[in-house]
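Dear colleague,

Please find below the structure that I am handing over to you. My findings follow it.

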Amino acid sequence: MNTKSWESMKNFVEQHEVLTDSLWILGERDDSGAHSELHHGGFIPQIPRQAILRFTHPYETVIDCFSGYGTTLIECRRWGRHGFGVELDRKIHGIAQSRIEEEPNRYEVKTMLVRGNSASFDIRGRLEEEGLGEASLAVLHPPYHDIIKYGVDEENLCNATSLSDFRNRYGAVVENVGRALKPGGYLELVIGDKYGNGEWVPLGFQLMEETVKRGFKLKSICVKNIENTMAKRSQIHLWRYRALKSGFYFFKHEYVMFFRK
Ligand SMILES: C[S@@+](CC[C@H](N)C(=O)[O-])C[C@H]1O[C@@H](n2cnc3c(N)ncnc32)[C@H](O)[C@@H]1O
């Protein structure tokens, strides 16, 4: 890399606070514009933003297989990337649709949100029909198994009947989205662990294994802080008491893992 291109990359990284180390201490949630409303179970916009800025160029395509309230698609519009999202739950899909429309489309990119199951929806076919070709980045923020109910649909990963069912269904989504990613494209997995029957269940490492099993190369495991929500903050003493009494640590981190096709 010559001095000029190093300088411009350095400026870009500094201007947009692009992270390059694996410990992500993210500040307050960005609640500007279409992000203003907070929805339970959504991630903070800085998570997809980091990946969009590092691993895609303007007018490239980003897929979100668990679109939720549309955070990634809003970021795609904001940064001039085509965005394609899949969300299974009708109500959440509707909320996401109106949030996305609130975001100005300055760069005139395509933003598409479909309702369906990301394990079976023909993502590749739809991108081709839209003239978008293969995507550069896939963002995957699945339910953390059954800890939040995102709806009653059997196909929703939050209703997986067991851990192995959850892993297999996640794996099917990875296979499907893998077909729509270009060679060398990135996959960002955002996942936290859970407790079950008094035991720590390492969902993060389990889904990492499922991703690698499907031919993706692990590039990084980043650890991000969990900001306390107002509800949790007011219960901090209760959580500390429970943790001390039962010999566990309460969750202050999640994983943001990066893989390459
Ligand atoms: C953790 S949330 C994602 C939140 C999102 N990142 C946001 O900021 O709003 C997971 C989402 O995946 C959806 N989901 C679960 N199983 C799905 C499936 N098989 N296909 C598509 N969406 C699914 C859930 O309904 C839920 O909205």
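How many of the 10 residues of helix α2 (residues 46–55) are buried? Nine are, so the helix is largely enclosed by the rest of the structure. Buried here means under 20% relative accessible area, with exposed over 50% and partly exposed in between (1.4 Å probe, protein chains only). The buried residues of α2 are Gln46, Ile47, Pro48, Arg49, Gln50, Ala51, Ile52, Leu53 and Phe55. Helices (H or I, at least four residues) and strands (E, at least two) are DSSP runs, numbered from the N terminus.

As to provenance, this is a predicted model, in which local features need pLDDT of at least 70 and side-chain atom pairs count only at pLDDT 80 or more, while totals for chains, interfaces and linings use all residues. Residues are numbered from 1 along each chain as its sequence is written, and side-chain values use heavy atoms, with hydrogens and water left out.

The ligand site

The ligand is surrounded by 23 residues, of which the closest are Tyr69, Thr71, Glu87, His141 and Asn156; a residue counts if one of its heavy atoms lies within 4 Å. This shell divides into 10 nonpolar, 10 polar and three charged residues.

A polar side-chain atom of glutamate 87 lies 2.6 Å from an oxygen atom of the ligand. Histidine 141 places a side-chain N or O atom 2.9 Å from a ligand nitrogen atom, and a backbone N or O atom of serine 118 lies 3.0 Å from a nitrogen atom of the ligand. Taken alone, the ligand exposes 610 Å², and the protein buries 99% of that; these areas come from the Shrake-Rupley method with a 1.4 Å probe.

The sheet

Eight strands form an open sheet with mixed pairing, in the order β1-β9-β10-β6-β5-β2-β3-β4. Two strands pair if DSSP finds at least two bridges between them. At the edges stand β1 (23–24) and β4 (111–115), each with a single partner strand, so one side of each has no neighbour in the sheet. Strands β2 (residues 61–64) and β5 (residues 135–140) run parallel and are joined by three bridges. Aspartate 64 has valine 139 as its bridge partner in β5.

The cysteines

The structure holds zero disulfides, a disulfide being a pair of cysteine sulfur atoms within 2.5 Å. For cysteine 76, the nearest cysteine sulfur is that of cysteine 65, 12 Å away. Cysteine 76 is buried, at 0% relative accessibility.

With kind regards

Methods: Polar contact = N/O pair within 3.5 Å; in protein donor to acceptor, adjacent residues only side chain to side chain. Nonpolar A, V, L, I, M, F, W, Y, C, P; charged D, E, K, R; others polar.
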